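Here are some exercises to work through with the structure open beside you. Try each task before you read its solution.

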12 protein chains.
Amino acid sequence: MSLIVVLNGPNLNLLGSREPSIYGRVTWAEVRERLQHIAEERGVEIEFFQSNHEGAIIDFIQGLSGRANGLIINPGALTHYSYSLHDALMGSEIPAIELHLSNIYAREEWRARSVVSPAARGVIAGLGALGYELAMEAMLGIIEASQG
Amino acid sequence: MSLIVVLNGPNLNLLGSREPSIYGRVTWAEVRERLQHIAEERGVEIEFFQSNHEGAIIDFIQGLSGRANGLIINPGALTHYSYSLHDALMGSEIPAIELHLSNIYAREEWRARSVVSPAARGVIAGLGALGYELAMEAMLGIIEASQG
Amino acid sequence: MSLIVVLNGPNLNLLGSREPSIYGRVTWAEVRERLQHIAEERGVEIEFFQSNHEGAIIDFIQGLSGRANGLIINPGALTHYSYSLHDALMGSEIPAIELHLSNIYAREEWRARSVVSPAARGVIAGLGALGYELAMEAMLGIIEASQG
Amino acid sequence: MSLIVVLNGPNLNLLGSREPSIYGRVTWAEVRERLQHIAEERGVEIEFFQSNHEGAIIDFIQGLSGRANGLIINPGALTHYSYSLHDALMGSEIPAIELHLSNIYAREEWRARSVVSPAARGVIAGLGALGYELAMEAMLGIIEASQG
Amino acid sequence: MSLIVVLNGPNLNLLGSREPSIYGRVTWAEVRERLQHIAEERGVEIEFFQSNHEGAIIDFIQGLSGRANGLIINPGALTHYSYSLHDALMGSEIPAIELHLSNIYAREEWRARSVVSPAARGVIAGLGALGYELAMEAMLGIIEASQG
Amino acid sequence: MSLIVVLNGPNLNLLGSREPSIYGRVTWAEVRERLQHIAEERGVEIEFFQSNHEGAIIDFIQGLSGRANGLIINPGALTHYSYSLHDALMGSEIPAIELHLSNIYAREEWRARSVVSPAARGVIAGLGALGYELAMEAMLGIIEASQG
Amino acid sequence: MSLIVVLNGPNLNLLGSREPSIYGRVTWAEVRERLQHIAEERGVEIEFFQSNHEGAIIDFIQGLSGRANGLIINPGALTHYSYSLHDALMGSEIPAIELHLSNIYAREEWRARSVVSPAARGVIAGLGALGYELAMEAMLGIIEASQG
Amino acid sequence: MSLIVVLNGPNLNLLGSREPSIYGRVTWAEVRERLQHIAEERGVEIEFFQSNHEGAIIDFIQGLSGRANGLIINPGALTHYSYSLHDALMGSEIPAIELHLSNIYAREEWRARSVVSPAARGVIAGLGALGYELAMEAMLGIIEASQG
Amino acid sequence: MSLIVVLNGPNLNLLGSREPSIYGRVTWAEVRERLQHIAEERGVEIEFFQSNHEGAIIDFIQGLSGRANGLIINPGALTHYSYSLHDALMGSEIPAIELHLSNIYAREEWRARSVVSPAARGVIAGLGALGYELAMEAMLGIIEASQG
Amino acid sequence: MSLIVVLNGPNLNLLGSREPSIYGRVTWAEVRERLQHIAEERGVEIEFFQSNHEGAIIDFIQGLSGRANGLIINPGALTHYSYSLHDALMGSEIPAIELHLSNIYAREEWRARSVVSPAARGVIAGLGALGYELAMEAMLGIIEASQG
Amino acid sequence: MSLIVVLNGPNLNLLGSREPSIYGRVTWAEVRERLQHIAEERGVEIEFFQSNHEGAIIDFIQGLSGRANGLIINPGALTHYSYSLHDALMGSEIPAIELHLSNIYAREEWRARSVVSPAARGVIAGLGALGYELAMEAMLGIIEASQG
Amino acid sequence: MSLIVVLNGPNLNLLGSREPSIYGRVTWAEVRERLQHIAEERGVEIEFFQSNHEGAIIDFIQGLSGRANGLIINPGALTHYSYSLHDALMGSEIPAIELHLSNIYAREEWRARSVVSPAARGVIAGLGALGYELAMEAMLGIIEASQG
């Protein structure tokens, strides 16, 4: 059975309570449940990870080699400076989709630039919590195609 | 019945034959059929438009006011300089999702910057033709929420 | 009789309904009527043109040679990238006044830079629809001076 | 009776003799007379001030609070660096029109950038001495609208 | 028989009358005649196209696929911002030579940068109308080499 | 009783021994004692935290919600790149004062720019260990005002 | 008896009435009284100076040599361009603390850069009128240390 | 006996398997063995440390004070943004050599800039795993010289 | 008899006491005496002016028209931002030599750029007080040449 | 008889063997022969010069004054920094055509900028060895026109 | 027998006497002797070259083709602008190691950027004269590997 | 007897004939004669050198050590890129004055920046051939001062 991993970076554990005018009011528990549901329906395993520690995220990504088939990653603000995360994604050969809840291209200037994107297969931004479900769908497509 | 419009900019009529190593081999006819299918299934109308003319695209967007409920737009290379397109989207009050077949953030430096994004609700990039289906899904969600 | 041309670029046909907090609520029909009135009073002919198509605007400017005495141009968002418009103005030898409804120097950073201005005689910005009347006045002065 | 103030910055006392190929040959006395005439005709008071001293200009602007209804300001070269002037305009709540005799956007690169514009209602440039009359007209409109 | 296409962008229909101190006094009719002559002599077909519309130019380039063997393109001021034109050239697989009448590298700073060049085989600039004949010669060489 | 938290970032545990010509010779133990003293005098609780780990700092800030009334933060060199820290401060709604021992605006160019400041209420820099006492004073004022 | 000087630059005489949402509603008279009080309590003399004239501020700073022991300076918008003020501070050998009422690092981009800071001992920003009292405290510490 | 420490940053634990076309196929175990061998031969102690956690690396560097004589550090992608690492190296007074397996100056633009280099004695890049042995040699020279 | 004016900007009244390691220990009185002496010897009048007020300097320059034959100007730190001074020099038609005591091109980066130089005939920098005598010599040459 | 000079800069002596995937496999001897042939046919003299020494190239250009009628110059990598070469071309009054074998605008970013172009009449790039023949043709046209 | 070439650029003949605080006091004769010794020990030939002439260095590199197996190059200040040197290294297919005595990344900003590095295999900087010996070692490794 | 060396860089041998509108019509022979005369009068030796070869200029400067007391250098266009010349001046300990015939700060943007100035004592620009005489005077002063 394929494994899809959903990885959230710094401050994303606060989904639903942190700056709701920007990030919405859906909680992470709710998002998680929906993703779990999709996974079951589609016959894949799903695993969740969140950390405020760049190092822990890199440790985790390294540990996915050989066991995960796809990665959905919302790097939080690491998006804008963590070249280490970029390199971890490049080093792992797991296809990754970068996800942002808000439209990072329409906020502060520094948010419009992601140092992680060049290591990702694709990017979804600004579609709120629904974005995770779409990323899930996209990842299922990528996995199918690669197993084609 | 809600109307979702799918709008493609310059050179996107060639989907399937143009630089397939970057843009894939799926043709626009195939993508269109799938979107038509989703629309029927979900009970919305769908309309397609493509032009290589910035002006024609703006004319078309202006004509959508009052009749379209959502816009999925792949502006092609207009993405990188057409402030007129940005203003047309701002002027229309139809929610828009910006879509790119390839991961524009991982190619030439000038492709990583979109002047259109600040006028869009969200962005999907790098997920190939499947991106259109995901955008469709997202737009259905946005419409539902607004009709909530 | 002298001919003054008033040329509006992309999205300016929507004056009065588009983003009224920025562009005001006066409609183009009203502005046009006032300008017509001034023209009659001052004994000049006036002609109006609007297009969302950069190419149509350039075609039109080329066609003015030898018949127009002055041009009042609001290039809309073409202001910020259309070097072709710049060259069309340089190529025509008709004196031009660049006009903006809003104060483009006090909004997004990219709006503060006009690639058209170096081809214009002068610039009026931020004075709303009244700006057209002032530009009319200024153009009458320029024409008189040149016929001096 | 409303009061409109016309304020000129450094080197503008030399109008008519300074670099006439750029600034024209009309003298300040002539411009002043015309503005005085308009003011009388339109039933407003008008007051003039010129200084080469940034500090004196700021003192003067501060002193206008509560007695002036509109400000027409040609900041001379202070345009390009005097953030103090910007702050003085922001602090006063008098509507201001920024005016330049020459088309500052078509000269040296540093002249194309005004640090004052974000504190102004609108900008008129490149229309020579006539620009003052147009600014007068525009200011009368602004005052009327505010007294609406 | 091979087909070589000569494509001119915005404002180039005015050759001979537009800013002759920069672009020379030879008219387009004269240039065309000379190129026609060379084509006949060398046994190739030649076709001409000019438009002020970016969109029309892209439509035209798309239509060349499978029938043209080489493209000589003077993009006019589109040179400096039309990434859509860049993409159209990339999408077509016809070898292209970019041509400029004036030495664009020795004029305004913005003219020194072409967004089209990376999609062209080579560039000829500053040699006036003769440049078209040289480009013709070069294209004949490229076609011969490719037919090896 | 109000709680004020004093948070030090990377390398600040070495206060007193690290580059004393820049950071001074007062040890952290001494500073801490003084702050403890002020807290007692002013009837507030005080808590200290230092870490070289960005992630641990973010974890800690998240944990302060609902129990701390003010935050005095010296982010060390995280100041210059940790957008995650910026977001953590924005997410928490605790008022924060950013503090630097040295005058960061008068050293290397990269030190003059703080990505954290936009999320802080105010900034104190260059006043050595005394700065902490001043920040304490300021925070007491902010808390009083908010409890007004 | 030591003398501490408090120097305010352009537009700061309007404290309490100018843009109160940014600068607060405390008047300068109130701030002054508090500082006077602290001075008396701590046994130092205090002197106040405000001017909208850069030149007058420099004259004043030059006149402080040999009689002032510390300078608290809020340069207003001179902060962002007055290299003359920078040089005046460097030339005087009186220790200076730069003060800003608002958090200049969290407003317009140009406000985040101070050309004066490299000539100051330290900086306090964003703490409103209380900042002056803290600067007073800091300056007393600096004077004591230097008299050590 | 002198102690030389070899410190590897994020993702360097994967040496030999991660992007071998860039980083080579030698494993870290092999490199380590060789360095151990050199250390024995040259009569120095050697210690190894790797972490994906910036904070752990800084903790470790702080702990070296007073017991290590030299540091060979490959900061991985922290090279390009970790000012905290820069400060940790400055704070420790242990001489450090910065090492990169690949030629970072010949890859992506962002890799060509190291924020760590100004805190290092020297830099070795692009010489693969052999670089560690050379750095060892260099460090032995530095230690000898300092004990000279 | 020709008149040469020597004009010093902000902080230059302190010559001899201000930062002597940079500006030297010669006092302005001494420099003045030497210049007076040269003037007498060469049969020209000389006049001195110093001010810390940009406005006063501009007033003074305006007053020189028609009576001064040459201007030696050390603008102090106004060099780096006073476009008003630039315009005052352009407006006067008196030939000017810009002078700096220190080598401004070898100090802080911002000192290497003069906004005044484009309005000067020539520049002398880094030669200390002797620079004034050389500028005197140069100005005598310029005056002689112009009197041909 | 007119004299045309063909001048090659650094590394161009290796034509045919150096990086043939970029510069082609035609040798310089072959190119030279063809140019010699054209010269004979067209009744002009031709002279060749190559050097890896910027100074020798400048010496040579200076020596052409009064004897050469046109210069075809491929400056090699001097193109990108040799302002001395720019000045030598400006100083000589011989018309020059700048030539590059490869399309320098489609390679590394630094290659897209020529400091020599502003001193040349025109530029030919990317057309391989054939470019020399075209430049020859263009130069013959320029010489004829000038002798017209 | 393999040949390794050691090439020094401008001003490196003065090693030992030029700015010894930066470049050390070891003379080139001493370095040379040590390298000679290593060469003998390791059974390779070694050859030395120094020139202050960019052209002579390029001539020399061209002459190495087919006879040298490795190049150790310290380009001196050519490092920072000689694209010709870059191209000479690219053109030769001899593996090259770039060497700097001082840590160029920790000095003036312009020294931190090498235009030569992209053409080198690796870089060694800041390790003084010992750097040459390490480069020698590295080159021996590269040669061995290539002779596999 | 002291020795002053006057060194001219590329293209300066053409003084009097090269672009006389910029560089004047005085020939180098005339300038040389005047300098010779001054030298004799002031009892110093003088030596002249000109080369178009950067390398020859560096060789020459190196050869001055121990025999020259001052250097007057007009680096021609090497001014703008020759860091090697900068280093040669730094390495020699002879005081140098940088000289330019024209006002390099008032011409093309690239001419306003000298990479040589940080290695010079002072700079004289824009004073034509007379500048050499002033530099001579200044150098005599520097030599006297150093000989105390």
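A polar contact is a pair of N or O atoms within 3.5 Å; within protein, one must be able to donate a hydrogen and the other to accept it, and residues adjacent in sequence count only if both atoms are side-chain atoms. This is a predicted model, in which local features need pLDDT of at least 70 and side-chain atom pairs count only at pLDDT 80 or more, while totals for chains, interfaces and linings use all residues; side-chain values use heavy atoms, with hydrogens and water left out. Residues are numbered from 1 along each chain as its sequence is written, and chains are lettered from A and ligands numbered from 1 in the order in which they are written.

**Exercise 1. Describe the surroundings of J:Ser92.**

Step 1: J:Ser92 sits in the loop between α4 (83-91) and β4 (96-100) of chain J. Helices (H or I, at least four residues) and strands (E, at least two) are DSSP runs, numbered from the N terminus.

Step 2: check accessibility. Buried means under 20% relative accessible area, exposed over 50%, and partly exposed in between (1.4 Å probe, protein chains only). J:Ser92 has a value of 5% and therefore counts as buried.

Step 3: look for partners. The J:Ser92 side chain reaches the backbone nitrogen of J:Ile94 at 3.2 Å. Contact means heavy atoms within 4.5 Å. Once neighbours within four places in sequence are set aside, J:Ser92 is in contact with J:Ile61 and J:Ser65.

**Exercise 2. Find out what encloses α3(G) and α4(E).**

Step 1: take helix α3 (residues 54-64) of chain G. Nine of its eleven residues are buried, so the helix is largely enclosed by the rest of the structure. Among them are G:Ile57, G:Ile58, G:Phe60 and G:Ile61.

Step 2: identify the cover. For the buried residues of α3(G) it includes β1 (3-8), β2 (45-50), β3 (70-74) and α4 (83-91) of chain G, together with α3 (54-64) of chain D and α3 (54-64) of chain I. After α3(G) comes G:Gly66, with a positive phi near 85°.

Step 3: repeat for helix α4 (residues 83-91) of chain E. Eight of its nine residues are buried, so this helix too is largely enclosed by the rest of the structure. The buried residues include E:Tyr83, E:His86 and E:Asp87. Their cover includes α3 (54-64), β3 (70-74) and β4 (96-100) of chain E and α1 (20-23) of chain B.

**Exercise 3. Which residues does A:Ile142 touch?**

Step 1: A:Ile142 belongs to helix α5 (residues 130-147) of chain A. With a relative accessibility of 14%, A:Ile142 counts as buried.

Step 2: leave out residues up to four places away in sequence. A:Ile142 then touches A:Pro95, A:Ile97, A:Arg121 and B:Leu127.

Step 3: compare sequence with space. A:Ile142 and A:Gly70 are 72 residues apart in sequence, and their C-alpha atoms are 8.2 Å apart.

**Exercise 4. Characterise the contacts of chain C with chain B and of chain I with chain L.**

Step 1: list the residues. Chain C brings 17 residues into contact with 15 residues of chain B, and the contact of chain I with chain L takes 19 residues from chain I and 19 residues from chain L.

Step 2: turn to buried area, the accessible area (1.4 Å probe) that two parts lose on being put together, summed over both. Chains C and B bury about 1,300 Å² between them, with 50% of it on carbon and sulfur atoms. C:Asn52, C:His53 and C:Tyr81 supply 39% of the area that chain C buries against chain B, more than any other three residues.

Step 3: do likewise for the other pair. Chains I and L bury about 1,500 Å² between them, with 68% of it on carbon and sulfur atoms. In chain I, the residues that lose the most area to chain L are I:Tyr105, I:Leu127 and I:Leu134, together 32% of what that side buries.

**Exercise 5. Inspect the backbone at C:Asn11.**

Step 1: C:Asn11 is in the loop between β1 (3-8) and α1 (20-23) of chain C.

Step 2: its phi is positive, about 75°, although C:Asn11 is not a glycine.

Step 3: C:Asn11 is buried, with a relative accessible area of 2%.
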